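Morning, everyone. I have one structure to show you today.

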Amino acid sequence: MDLTEFTALSFDCYGTLIDWETGILGVLRPWADECGFAVDDEQLLRVYADHEAAAEQETPSALYPTILAEAFRRTGSTLGVAVDETWAGRLGDSVPDWPAFPDSSAALAALAKHYRLIIVSNVHRAGFAGSNVRLQGDFAAIITAEDVGAYKPADNHFVALDRTLGELGIERRELLHVAQSLFHDHVPARRHGLPSVWINRRHDRPGWGASPEPSEEYSYSLEFSSMGDFAAAVDAAFSTAPPS
């Protein structure tokens, strides 16, 4: 893949730019400890992941804090202990507190020298605004679940993305999608014929973490273990490209 052929990048945010697993565990872990569960972090994430995806599919118009709280309640039910509203609300309100990966902000700044950047995220507008305080990203467009009334891997984000490209004057062939979750992003990107880059944040850990295992076909053209590595590859590609 010639990275210099693209003029725009669309990004998943949570899992790719924001460390949502650390953010989710920041609430689930102390709750599990308070309940006396003998489960490790990976087990907690594995139980939680399917419940969040199910809640998103069943109530696609619900705002993300509502989804988080419901997924937490279902996680508690699976583990045999009811989650009270204080704990459920704590997770629902926690999105702005989730940390960015250490390389995200610098990588976005470097990539913005070469591309226009677009967010395509399973979150509400206020949640992303809080996250972007940490990212400091200069985005040409932001597409959230609140905007499209659905959650990935549904097609709504990518239909909206096509409209947004037209509004920005970007040809579809000039867009590259960048994401961590195979389930949420690389499956629908394949359905929509978009080339994609896998930011494999979990390259050093087994399992799927907070994302369910993909049940449909997915593909990606390049794989990097971090946004920093991807940004470095882009800089290298443009530095050796012949003048246009």
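I'll take a helix, then a loop residue, then a surface patch.

First, a caution: this is a predicted model.

Start with helix α1, residues 20-35.

Now look along the axis. α1 bends by about 35° at Gly26. A proline, Pro30, follows within four residues. Just after the helix, Gly36 takes a positive phi of about 80°.

Which residues of α1 are buried? Trp20, Glu21, Gly23, Ile24, Leu25, Val27, Leu28, Arg29, Trp31 and Ala32. Note that Glu21 and Arg29 are on that list. A reminder on helices in general: with 3.6 residues a turn, residues three or four places apart point the same way.

Next, the loop between α3 and α4, where Asp84 lies. Buried or partly exposed? Asp84 counts as partly exposed, because its relative accessibility is 41%. Asp84 is 41 residues from Arg125 in sequence. In space, C-alpha to C-alpha, Asp84 and Arg125 are 26 Å apart.

Last, the surface. Trp208, Tyr218 and Tyr220 form a nonpolar patch there. Together they have about 270 Å² of accessible area. Trp208 lies in the loop between β5 (196-199) and β6 (222-224). Trp208 is partly exposed, at 35% relative accessible area.

That's the tour. Over to you.

Key
Residues are numbered from 1 along each chain as its sequence is written. This is a predicted model: local features need pLDDT of at least 70, side-chain atom pairs count only at pLDDT 80 or more; totals for chains, interfaces and linings use all residues. Side-chain values use heavy atoms; hydrogens and water are left out. Patches are made of residues with over 30% relative accessible area and no salt bridge: like charges are joined within 9 Å, nonpolar side chains (Val, Leu, Ile, Met, Phe, Trp, Tyr) within 5 Å. Accessible areas come from the Shrake-Rupley method with a 1.4 Å probe; for residues, only the protein chains shown count as cover. A salt bridge is a side-chain nitrogen of Lys or Arg within 4 Å of a carboxyl oxygen of Asp or Glu. Helices (H or I, at least four residues) and strands (E, at least two) are DSSP runs, numbered from the N terminus. Buried means under 20% relative accessible area, exposed over 50%, partly exposed in between (1.4 Å probe, protein chains only). The expected span of a helix is 1.5 Å times one less than its number of residues. The bend at a residue is the angle between axes fitted to the seven residues ending there and the seven starting there.
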